[in-house]
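Have the 3D view open and follow along.

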Amino acid sequence: MTDIAIREFADGDWPAVLAIIDEVVREGETYAYPTPLPPDEARALWVEVPPGLTVVAEVDGRVVGTAKMGPNRPGPGDHIGTASFMVASDARGAGVGRRLADWVVDWHRREGYEGIQFNAVVASNAPAVRLWRSVGFEIVGTVPGAFRSPRHGQVGLHVMFLPL
C-alpha cells in the first residue's frame, strides 16, 4: 500500500470504522474493551469531539485504519496528548499504522501539545511496541499482569511517552 490517505472521520465512515473496531475488539489482544462492544458504545469510545479528532486511513477509497487523538487528561493535564489506533487485519504490515502514527504525531505538534502519552499499550503487542519505539516513544512504566490476553495470559500494559 503506497498511497495511504489520512482524512478526518465523516459520519459515512462509521460502518467501515465499526467493522475495524469490531474485528480488533473480538481479537481481544490489544484493547481493554468489553466483548461484544455494542455499536453505540463503540462510537462513544472512538469518535472524538473537539479538541480531539478522529481520522481514517484510506487506500483506493477503502477505509483500512482509524485513529483518535486529543488531550490525555482535562484541565491541568491537557498539554499532553494521547491517541489510539486500529488497522484492519488485511491491511496490517503494509505501512498503515506508520502513516497514522506520523500523522498523529504531526497533529499533536501543530496543536501545541508538549508530549504524547499512551496509557495502555499491551506488552505482548510486539508490532505496536516496535512501531511506537521507532517513532521515538519510550516505555516509562509497565503495569504487570494488567491485561488478560487470550493468547498469552496475563501480560503487562506499558505506559509510553513521546516528548514533543
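Predicted model: local features only at pLDDT ≥ 70, side-chain atom pairs only at ≥ 80, totals over all residues.

Helix 4 itself covers residues 126-135, and its buried residues are Ala-128, Val-129, Leu-131, Trp-132 and Val-135. They span an arc of only 165° around the axis, so they sit on the same side of helix 4.

Now turn to the face pointing away from that buried side: here you'll find Pro-127, Arg-130 and Arg-133, which are exposed. Just after helix 4 comes Gly-136, with a positive phi of about 120°.

## Where helix 1 meets helix 2

Two packed helices are described by the angle between their axes and the distance between the axes. For helix 1 (residues 14-27) and helix 2 (residues 39-46), the axes come within 11 Å and cross at roughly 95°. The two helices are therefore roughly perpendicular to each other. Helix 1 brings Trp-14, Val-17, Leu-18 and Ile-21 to the contact, while helix 2 brings Pro-39, Ala-42, Arg-43 and Trp-46. Sorted by class, that's seven nonpolar residues, no polar ones and one charged.

## Rings in pairs

Aromatic pairs turn up here too: the structure holds nine. Tyr-31 and Tyr-33 have ring centres 5.2 Å apart and planes at 35°, so this pair is tilted. Tyr-31 counts as buried at 16% relative accessibility, and Tyr-33 is buried with a relative accessible area of 17%.

Trp-132 shows up again in a cluster, linked by ring pairs with Phe-85, Phe-118 and Phe-137.

Terms used: Residues numbered from 1 in each chain as written. Heavy atoms only, no water. Axes fitted to C-alpha atoms, helices over the stretch in contact; angles between N-to-C directions. Helix = DSSP H or I, 4+ residues; strand = E, 2+ residues; numbered from the N terminus. Parallel < 35°, antiparallel > 145°, perpendicular 65-115°, else oblique. Contact = heavy atoms within 4.5 Å. Nonpolar A, V, L, I, M, F, W, Y, C, P; charged D, E, K, R; others polar. Buried < 20%, exposed > 50% of the residue type's maximum accessible area, 1.4 Å probe, protein only. Arc of directions from axis to C-beta. Phe/Tyr/Trp six-rings, centres within 6.5 Å; stacked < 30°, edge-to-face > 60°.
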